[in-house]
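Have a look at it first, then read on.

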Number of protein chains: 2
Amino acid sequence: MIRKTRLFTPGPTPLLPAAQFAMAAADIHHRTAEFRALFLKVLAQLKIFVGTKNDVLLLSCSGTGAMEASVSNLTSPGDRVLVLTAGKFGERWVELAKAFNCQADVVKAPYGQTFDPGQVREALKPDARAVYMQATETSTAVRHDVESIAKLIQESNSGALLVVDGITGLGTTHFDVDGWGIDVLIGGSQKAVMIPPGLAYLSVSEKAWAAMESAKNPRYYFDLRKERKNAVKGESAYTPAVALVAGLGAALDYIAGQAGGDLGKGRIALVDNAQINAAATRAGLTALGFTLFAPAAPAAAATAVAVPEGIDSGVVVKALRNRFGLIVTNGQGEMQGKIFRVAHLGFFDCLDTIALLGAMEHIAKDTLGLPVTYGSAVAAAQKVFAEAASSS
Amino acid sequence: MIRKTRLFTPGPTPLLPAAQFAMAAADIHHRTAEFRALFLKVLAQLKIFVGTKNDVLLLSCSGTGAMEASVSNLTSPGDRVLVLTAGKFGERWVELAKAFNCQADVVKAPYGQTFDPGQVREALKPDARAVYMQATETSTAVRHDVESIAKLIQESNSGALLVVDGITGLGTTHFDVDGWGIDVLIGGSQKAVMIPPGLAYLSVSEKAWAAMESAKNPRYYFDLRKERKNAVKGESAYTPAVALVAGLGAALDYIAGQAGGDLGKGRIALVDNAQINAAATRAGLTALGFTLFAPAAPAAAATAVAVPEGIDSGVVVKALRNRFGLIVTNGQGEMQGKIFRVAHLGFFDCLDTIALLGAMEHIAKDTLGLPVTYGSAVAAAQKVFAEAASSS
């Protein structure tokens with residue numbers, strides 16, 4: 001039988017057709033008026049999408065490149081920084097701090113959990129230059145409470161910058177960048193904005209720009225001050241990924257169009273969409289007898305699902321792919337083999353979720369031998385969708 | 001919330017991405033070696049897809065163009081022909097026969113039903129030049145028994161040609177073109193072969209070629225003898241729809257790939273795929289309380305569903321589109337407002353069917369006010385898929 005390939009992975013996520021077409025048509029040179037108009041438009045759209053008055057820059061790199069930029073541009077060797085880590089991407093902040101010779105105080109939460117505010121308060125030293133954290137930890141599908149951490153920093157006397165990796169958080173959780181005081185918020189193209197990998201974007205506060213003046217760590221390709229200077233003219237410092245920029249513009253147009261052309265409301269609708277699909281998926285999988293890995297602080301970007309004792313989660317990943325062409329991801333780092341992850345961020349609708357749960361009913365029964373009543377996972381999700389429809 | 005557009009229409013059907021990419025890349029002139037190689041390859045593939053040793057021609061027109069060609073090339077004014085009609089497309093044969101001044105004996109079955117063999121036998125006169133029929137009547141989603149009609153013609157002393165509109169039948173029902181003696185079998189591009197409208201193809205038997213020599217009806221663009229002569233060289237008589245030809249080649253490659261590169265087996269798998277999805281859809285809709293419009297002879301190409309008395313089927317069509325972005329079609333001709341039609345032909349997989357039924361559960365409950373247990377339609381379909389999986 002026919003099996004379509006369906007990505008349910010937390011990046012890359014399913015591509016928006018309108019963005020694919022814009023990419024295919026992007027036969028543009030980057031030092032032309034045509035590209036400058038496109039680049040300026042996309043930068044302006046990104047400010048609305050991020051929801052900030054701060055500058056938003058666009059870099060041709062993966063999200064990790066923007067993470068590096070927010071270390072190399074803001075710190076000097078020997079600087080004290082606070083890193084909050086609860087998974088593989090938190091560990092990446094630790095590695096980056098080390099690579100740029102910062103002295104990292106680390107607050108660690110167990111995989112599948114989020115941080116204890118008291119512990120963070122205690123670890124935040126007056127001389128901390130910056131605090132690095134995730135909005136959502138993709139490896140465990142946990143949502144961290146950025147607002148609380150931001151408040152905690154404001155209330156301290158540290159003056160630390162707040163740098164947030166929102167790569168899977170943007171478009172799946174609400175931020176008030178300027179109100180909370182997020183100095184840097186990082187996003188990636190292959191996430192909620194529905195295009196392939198290759199672009200990262202980040203908002204930069206005035207406080208962060210000021211800090212860059214004294215930051216001594218080496219940077220060249222990721223020199224944000226250079227990018228800011230070029231961005232005003234509608235250019236990037238180095239050759240940009242032109243087709244991806246065109247695709248991003250089309251995707252942000254689409255997201256705006258979901259709310260009658262209002263990109264700000266479109267962003268909110270996108271977050272709601274992820275949250276409703278996440279809730280429906282959790283209801284469905286719980287009905288099938290699965291255990292959620294991060295029940296206390298689940299991210300809407302993805303759902304991490306524990307498999308029964310003695311089973312390798314890779315078996316589920318493989319069965320979904322082989323039988324249904326449906327791609328989910330295994331756990332990362334220490335969670336490999338213990339969980340699998342299903343994404344909700346970006347271009348997913350309720351019928352995708354129903355299809356996923358339909359496939360899971362067969363996998364739960366035939367691959368895992370669970371007692372399954374056909375339709376039960378879908379029924380649990382349907383109730384979530386019905387409630388969402390009646391309350392909207 | 002996000003709503004993806006999903007075609008569940010019996011043509012155009014959902015496009016195969018690989019075919020879309022091949023079409024986008026088809027920057028080829030048609031009087032070149034490159035195009036000739038492509039055209040010859042596609043014609044050879046079509047013979048395997050149709051499953052015949054007869055010539056198969058490819059025309060740049062919709063299916064109706066090939067229907068016209070099989071009247072204008074095979075008949076002379078005043079010729080007696082037999083037309084079997086049970087819906088809008090059967091009526092098209094009647095109109096074509098009239099347009100080319102043939103004298104049509106018509107066997108008519110009510111909408112939603114198929115023909116009585118006794119009636120056909122009686123209506124088939126010894127001097128009938130040809131019999132025109134559908135393999136499946138798309139307007140009512142009824143499957144006709146081509147094999148029986150072919151046998152009935154063989155057993156008669158009429159010598160009539162058998163011309164079959166297989167536009168929605170090809171890829172959804174099994175044919176033995178040469179064994180049964182189908183003289184002309186017509187297909188269209190926007191159906192089971194997963195590409196947009198614009199191409200028609202037809203197989204032509206030696207008996208039909210011989211009949212063309214004496215056929216006096218006027219034809220120019222649809223002159224099949226001219227096409228046959230050009231096809232040998234890898235050309236079409238007039239400018240072909242180049243991108244669609246490239247897309248068709250990619251789609252037939254994909255269908256072959258579903259059966260390890262064997263296009264003949266791929267065609268069989270495609271028919272099975274449609275039949276299983278059709279059976280699952282019917283089980284699901286019946287579980288919801290809908291009545292099938294053509295329960296006696298349902299086509300696997302599409303399912304026609306009656307709506308409860310006093311309700312216009314357009315309401316269901318509109319609600320599915322507005323709430324879920326899901327496109328089904330209303331009835332055609334006299335069936336408009338009475339039925340809606342859901343397609344299974346071409347690029348559909350079981351998760352599409354589950355998604356459709358998930359949407360239908362909400363529409364049945366919220367739009368039609370039927371008593372619905374969430375998950376019940378999906379559960380009925382799941383049993384069909386489970387049975388198919390265990391027997392394959």
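Let's start with helix α6 (residues 146-155) of chain A, whose buried residues are V146(A), I149(A), A150(A) and I153(A). Viewed down the axis of α6(A), these residues fall within an arc of 100°, so they line one face of the helix. Buried here means 20 or more other C-beta atoms within 10 Å of the residue's own, with C-beta atoms placed from the backbone; the arc is taken over directions from the helix axis to the C-beta atoms. Helices (H or I, at least four residues) and strands (E, at least two) are DSSP runs, numbered from the N terminus.

The cover over those buried residues includes α5 (117-123), β5 (130-134), β8 (161-165) and α7 (177-180) of chain A.

## Ground rules

This is a predicted model: local features need pLDDT of at least 70, side-chain atom pairs count only at pLDDT 80 or more, and totals for chains, interfaces and linings use all residues. Residues are numbered from 1 along each chain as its sequence is written, while chains are lettered from A and ligands numbered from 1 in the order in which they are written.

## Two domains in chain A

Chain A splits into domain 1 (6-13 + 262-391) and domain 2 (17-257), with bounds from an automatic or database domain assignment. Their centres, taken over C-alpha atoms, are 27 Å apart.

Across the boundary, 31 residues of domain 1 of chain A are in contact with 34 of domain 2 of chain A (contact: C-beta atoms, placed from the backbone, within 7 Å). On the domain 1 side, α11(A) gives the most, with seven residues. That side has 19 nonpolar, eight polar and four charged residues. For the classes, Ala, Val, Leu, Ile, Met, Phe, Trp, Tyr, Cys and Pro are nonpolar, Asp, Glu, Lys and Arg are charged, and the others, Gly among them, are polar.

## Where the chains meet

Between chains, 30 residues of chain B are in contact with 30 residues of chain A. On the chain B side, α11 (263-287), α13 (350-367) and α14 (376-391) each supply at least two residues. The largest share, eight residues, comes from α13(B). By class, the chain B side has 16 nonpolar, seven polar and seven charged residues.

Technical notes: A residue is buried if 20 or more other C-beta atoms lie within 10 Å of its own, exposed if 12 or fewer, and partly exposed in between; C-beta atoms are placed from the backbone. Two residues are in contact if their C-beta atoms, placed from the backbone, lie within 7 Å.
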